[in-house]
Amino acid sequence: MSNHIVPLRTYYLVFLTLIVCTAITVAVSFVDLGRFNVVAALGIAILKATLVVLFFMHVKYSGKLTWVVVAGSLFWLGILIVMTAGDYLTRVRTGTFG
Amino acid sequence: MSPETHAVAHEPSHHHHPAALAHHFEDLGQQSEAATLGMWVFLVTEVLFFGGLFLAYTIYRGWYPDAFAVSSHELDIVLGTTNTIVLITSSLTMAMAVHSAQLGHRRKLMMFLSLTMLLGLAFLGIKGVEYYHKFVEHHIPGPTFQFEEKYVREAQIFFSLYFVMTGLHALHMIIGLGIMIWMFIWSWNGTITREYSNPIEVSGLYWHFVDIVWIFLFPLLYLVGRHLHS
């Protein structure tokens with residue numbers, strides 16, 4: 001891992017993007033997209049989180065070990081949610097939380 | 001274990017080494033890498049800590065989508081959005097603090113740490129106002145809870161999740177403020193230098209993580225079914 005100094009311009013750009021994404025996520029929530037409202041909301045949140053992780057938390061400039069640890073956390077979280085949701089979703093034939 | 005006031009950094013040799021360097025590390029660079037990795041491993045445990053609550057939210061929202069939409073509508077979207085912007089800005093000021101530390105700009109570092117703390121306090125203040133609103137509107141789960149008859153049971157589940165998740169988040173913010181006070185003191189008394197800026201970076205990792213948790217809390221708690229009511 002390096003002591004890479006990120007240019008301030010990068011920080012400003014990321015910040016602006018995060019603010020714009022916040023505005024978009026709020027605006028979109030007022031539009032009826034049915035099932036896709038939650039997809040849009042989560043999608044934007046994931047994008048925002050990714051920007052924070054890569055640039056504010058310097059993961060983009062970090063060594064492989066850091067990447068592995070970050071990926072590991074997402075993998076474990078994935079198991080937690082996917083396995084549990086899979087349990088509940090398959091208890092009734094309709095594939096809903098019933 | 002506290003480093004001396006004037007940390008002098010130069011090539012480690014048999015006879016002297018930087019004050020901030022602990023003996024079991026080769027040099028400051030390796031020590032910094034280890035500290036950063038340590039914080040990341042801790043953040044992994046935090047992902048699972050909050051992850052369990054997000055999982056509970058997922059299941060209950062899947063079961064009671066209408067109750068969740070109606071309940072979510074009772075949260076103040078203006079205050080919630082404001083708090084989101086407050087935290088995102090605090091992440092920017094935190095990143096600027098790390099930047100200043102890396103360049104050895106002591107006064108800028110102290111300024112950005114102060115701004116970060118101020119924004120954190122603003123967040124907690126707004127949260128407090130929101131909690132007060134919930135109290136006044138009888139939306140605290142339990143014997144005082146009042147809601148439309150159709151959803152009275154499920155809405156309490158939503159608000160239970162709301163208070164536990166935002167409460168745990170607020171607790172992490174308070175801890176973060178404590179860490180920042182500590183870093184401010186270290187910045188002020190000269191412990192933090194260009195060579196030993198890693199503590200600011202590591203503290204920043206924690207702060208950004210708390211921001212990320214809110215980035216997910218906000219849409220899941222405040223933006224459910226907003227299109228259904230005007």
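Author: Let's start with a word we will need throughout: two residues are in contact if their C-beta atoms, placed from the backbone, lie within 7 Å. In this predicted model, B:F158 touches B:A67, B:F68 and B:S71, leaving aside residues up to four places away in sequence. As for names, residues are numbered from 1 along each chain as its sequence is written, and chains are lettered from A and ligands numbered from 1 in the order in which they are written.

Reader: Thanks! Which residues have the most contacts inside the largest nonpolar core?

Author: First, the idea. A residue is buried if 20 or more other C-beta atoms lie within 10 Å of its own, exposed if 12 or fewer, and partly exposed in between. A nonpolar core is a set of buried Ala, Val, Leu, Ile, Met, Phe, Trp, Tyr and Cys residues joined through C-beta atoms within 7 Å. Here the largest one has 73 residues, and B:A97, B:F158 and B:L205 have the most contacts inside it. Its largest share, 16 residues, comes from α6(B). Helix labels such as this come from DSSP runs (H or I, at least four residues, for helices; E, at least two, for strands), numbered from the N terminus.

Reader: Is A:L18 buried or exposed?

Author: A:L18 counts as buried because it has 26 C-beta neighbours inside 10 Å. It lies in helix α1 of chain A and touches A:K48, A:L51 and B:I88, again not counting residues up to four places away in sequence.

Reader: Now the chains. How many residues of chain A are in contact with chain B?

Author: 37 residues of chain A are in contact with 34 residues of chain B. On the chain A side, α1 (8-29), α2 and α3 (64-89) each give two or more residues, and α3(A) provides the largest share, 13 residues. To sort residues by class, Ala, Val, Leu, Ile, Met, Phe, Trp, Tyr, Cys and Pro count as nonpolar, Asp, Glu, Lys and Arg as charged, and the others, Gly among them, as polar. By that scheme, the side of chain A that touches chain B has 27 nonpolar, eight polar and two charged residues.

Reader: How do I read the angle at which α2 of chain A and α6 of chain B cross?

Author: Axes are lines fitted to C-alpha atoms, for helices over the stretch in contact, and angles run from 0 to 180 degrees between N-to-C directions. Angles under 35 degrees count as roughly parallel, over 145 as roughly antiparallel, 65 to 115 as roughly perpendicular and the rest as oblique. The axes of α2 (residues 36-56) of chain A and α6 (residues 198-222) of chain B come within 9 Å and cross at roughly 170 degrees, so α2(A) is roughly antiparallel to α6(B). Among the residues that meet are A:A41 and A:F56 in α2(A), and B:H208 and B:P219 in α6(B).

Reader: And what is the phi of A:H58?

Author: Phi of A:H58 is near 65 degrees, a positive value in a residue other than glycine. A:H58 sits in the loop between α2 and α3 of chain A and is buried, with 23 other C-beta atoms within 10 Å. B:H138 also has a positive phi, about 60 degrees, although it is not a glycine. B:H138 is in the loop between α4 and α5 of chain B, and counts as exposed, with 11 C-beta neighbours inside 10 Å.

Technical notes: This is a predicted model: local features need pLDDT of at least 70, side-chain atom pairs count only at pLDDT 80 or more; totals for chains, interfaces and linings use all residues.
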